[in-house]
Amino acid sequence: MKLYTHVERVERELDARGLGSDQMLEAEQLADLDQLHYQGSKAVNEAIVELELGPGDRVLDVGAGLGGPARILAQNSGCQVTAVELQPDLNDLGASLTRRCGLARHIDHCCGDFLDMDLPSEGFDALVSWLTFLHIPENETLLTHCHRCLRPGGSIFIEDFYARPTLDAAQRDLLASEVYCCDLPTLDQYRQQIESAGFSDLQMTDMTAPWQQFVRQRLDAFRQARPQFEALHGGDAYCALDHFYAVITGLFDSGGLGGLRWKARRPD
Ligand SMILES: C[S@@+](CC[C@H](N)C(=O)[O-])C[C@H]1O[C@@H](n2cnc3c(N)ncnc32)[C@H](O)[C@@H]1O
């Protein structure tokens, strides 16, 4: 079953805005449609600064979704992105949007499971990922793969969930069934896993408070725009997305779910 059912919605939204399939686009123009994480292109621009990305840098984006972060990275830094995405429909629409933004020379869209892909060892200067690690249960294996892809001295920048001390069994069940998120580590477990995988210079930023505010505002804005959303996408789509946004908001409000940004380096 697919968790992300954005493809038809994005195409309908673009048509409704007079941006049908033959029109060229700007990466920033898509920001409310193609950034499937929190705080949109602002978070991606912060990664550009943190990683000091520039023209020619080779960046691996794990769980690229519709390619929104990859396009902002390429557009605003001039880097070369390999955008890996599990769902073929998201990957294909992502590649099409990238062509329409004139960024195809900067972004290579690759469809598959990151853990099964034959990516070049030490082939990347930086690895980024937004709200994807939470879907991949074997954190140790995942981190070892990330480490192998980075060149010595390369950096990793991740935004992800973590389990706060009060996350109870019912909330863990909700995360598994509604968010496809199993085995969420605590902050201490996460830190140990990152260090065991061989990363150094770890910096962790707790994003729980800003993300709690973000998801609350997202839910409120979504409910306010219900008539327009239903007119375009129908009542079933509205109810499904309302339910998903409400579950996430409830998990952050409960204090059990945490948000984390972390950055580290593969030692030289
Ligand atoms: C919350 S979305 C975020 C998408 C994108 N990072 C963004 O911020 O717009 C998580 C994405 O990770 C992808 N994903 C999950 N597991 C994956 C895996 N093992 N390999 C590659 N992609 C994966 C999902 O299909 C989904 O598109």
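**A strand pair and the spaces around it**

Guide: Arg-58 has Gln-80 as its bridge partner in β2. Keep in mind that this is a predicted model. The pairing of β1 with β2 is parallel and runs over five bridges. β1 spans residues 58-62, and β2 spans residues 80-85. Five of the six residues of β2 are buried, so β2 is largely enclosed by the rest of the structure.

Now the space beside these strands. β1 and β2 each give at least two residues to the lining of the second largest pocket. That pocket has a volume of about 570 Å³. Its lining counts 29 residues, and the closest to the centre are Gly-63, Glu-85, Leu-86, Thr-132 and His-135. One of these, Glu-85, falls within the 80-85 span of β2. By class, the lining of the second largest pocket holds 18 nonpolar, seven polar and four charged residues.

Helix α6 covers residues 139-149, and its buried residues are Asn-139, Leu-142, Leu-143, His-145, Cys-146, His-147 and Cys-149. In general, an α-helix has 3.6 residues a turn, so residues three or four places apart point the same way.

The structure holds one cavity of 30 Å³ or more. The largest cavity has a volume of about 60 Å³. Asn-139 lines this cavity, together with Phe-133, Leu-134, Ile-136, Pro-137, Asp-160, Phe-161, Cys-182, Asp-183, Leu-184 and Pro-185. Eight of the cavity's lining residues are nonpolar, one is polar and two are charged.

Next, the largest pocket. Its volume is about 1200 Å³. It is lined by 45 residues, with His-6, Arg-9, Arg-218, Leu-241 and Tyr-245 nearest the centre. Helices α1 (7-16), α2 (31-34), α3 (40-51), α7 (169-179), α9 (208-224), α10 (226-233) and α11 (235-254) each supply at least two residues of this lining. The largest share, seven residues, comes from α11. The lining of the largest pocket divides into 24 nonpolar, eleven polar and ten charged residues.

Helix α1 also holds Glu-11. With a relative accessible area of 40%, Glu-11 is partly exposed. How far is Glu-11 from Arg-58 in space? They lie 30 Å apart, C-alpha to C-alpha, and 47 residues apart in sequence.

One more arginine deserves a stop. Arg-100 sits in helix α5, residues 88-100. Is Arg-100 buried or exposed? Its relative accessibility is 11%, so Arg-100 counts as buried; the cut-off for buried is under 20%. The Arg-100 side chain reaches the backbone oxygen of Gln-23 at 2.9 Å. Gln-23 is also among its contacts beyond four places in sequence, with Leu-14, Leu-19, Gly-20, Ser-21, Met-24 and Leu-25.

Note on methods. Residues numbered from 1 in each chain as written. Predicted model: local features only at pLDDT ≥ 70, side-chain atom pairs only at ≥ 80, totals over all residues. Heavy atoms only, no water. 1 Å grid on protein atoms, 1.4 Å probe; cavity = no way out; pocket = protein on both sides within 12 Å on 5 of 7 lines; lining within 4 Å. Points joined across faces, edges and corners; volume = space filled by probe spheres on them. Helix = DSSP H or I, 4+ residues; strand = E, 2+ residues; numbered from the N terminus. Nonpolar A, V, L, I, M, F, W, Y, C, P; charged D, E, K, R; others polar. Buried < 20%, exposed > 50% of the residue type's maximum accessible area, 1.4 Å probe, protein only. Polar contact = N/O pair within 3.5 Å; in protein donor to acceptor, adjacent residues only side chain to side chain. Contact = heavy atoms within 4.5 Å. Pairing = 2+ DSSP bridges.
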